[in-house]
Amino acid sequence: MRHQLRVNGREFHFEADASLLLIDAIREHCQLTGANQGCDTAQCGTCTVLIDGAAVKACNLLAAQVAADASVTTIEGLAIGDVLHPMQVCFSTHHALQCGFCTPGMILRAVAMEAEGVAADDRAVRHALAGNLCRCTGYEGIVAAVVDGLQQMRAR
Ligand code: FES
Ligand code: FES
């Protein structure tokens, strides 16, 4: 079937099976490899992208289920030019990554928390991050980064 996706403000058109997962569409047809493929069973969150601002696990959705006029954002689309998003800066400042495999999904999940009204405190952030797993960091830096990032996003 003919697929149409808008990712990071660009229009993509391609032919692929109707069963194509959104994560495969983004990585293989849009050539955007920031969203990683981990479990493929909606457990780890490393494939998280934003659809119209909401965090979605791209391994758990068909590309054909995404409306043509929906706006998909991957980690490649978060910065504006050379200016990083505040949440990206906070992940760097708080040393919130080691191997980096989970990081794109963590950051996009964290960005979506702002609109969800997640409180910028340790307990609320840990609860909201329950669907995103990290095998390296022990989460302390990640939670500190998200708390700081939410505060900075709300101060803008
Ligand atoms: S690859 Fe999608 S949740 Fe793990
Ligand atoms: S930094 Fe390695 S999985 Fe999170």
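How many bridges join strand E1 to E2, and do the two run parallel or antiparallel? I began with this pair, in what is a predicted model. I found six bridges between E1 (residues 2-7) and E2, and the strands run antiparallel.

**Entry: the E1-E2 hairpin**

I looked up individual partners next. Arg6 has Glu11 in E2 as its bridge partner. His3 stands opposite Phe14, which also belongs to E2. I then checked the turn of the hairpin. Two residues lie between the strands, and Asn8 takes a positive phi near 55° there.

I also asked how many of the six residues of E2 are buried. The count for E2 (residues 10-15) is zero, and I noted the strand as hardly covered.

**Entry: domains**

I turned to the domain assignment of the chain. It gives domain 1 as 2-77 and domain 2 as 86-155. I noted 21 Å between the centres of the two domains, taken over C-alpha atoms. For the contact, I listed 14 residues from domain 1 and 13 residues from domain 2.

Which elements give two or more residues to the side of domain 1 that touches domain 2? They are strand E3 (48-51) and strand E4 (54-57). E3 provides the largest share of that side, three residues. I sorted the residues of this side of domain 1 by kind: eight are nonpolar, six are polar and none is charged.

**Entry: helix H3**

I moved on to helix H3, residues 103-116. I compared its length with what its residue count leads one to expect. With 14 residues at 1.5 Å a residue, H3 should span 20 Å, and its end C-alpha atoms are 20 Å apart, so the two agree.

Is H3 mostly covered or mostly uncovered? I found it mostly covered, with 11 of its 14 residues buried. I wrote down the buried residues: Thr103, Pro104, Gly105, Met106, Ile107, Leu108, Arg109, Ala110, Val111, Ala112 and Met113.

What do the buried residues of H3 pack against? I recorded strands E3 and E4, together with helix H2 (86-93), helix H4 (122-128) and helix H5 (140-155). E3 and E4 had already come up in the domain entry, on the side of domain 1 that touches domain 2.

Methods. Residues numbered from 1 in each chain as written. Chains lettered and ligands numbered in written order. Predicted model: local features only at pLDDT ≥ 70, side-chain atom pairs only at ≥ 80, totals over all residues. Buried ≥ 20, exposed ≤ 12 C-beta atoms within 10 Å, placed from the backbone. Helix = DSSP H or I, 4+ residues; strand = E, 2+ residues; numbered from the N terminus. Pairing = 2+ DSSP bridges. Domains from an automatic or database assignment. Contact = placed C-beta atoms within 7 Å. Nonpolar A, V, L, I, M, F, W, Y, C, P; charged D, E, K, R; others polar. Expected span 1.5 Å × (residues − 1).
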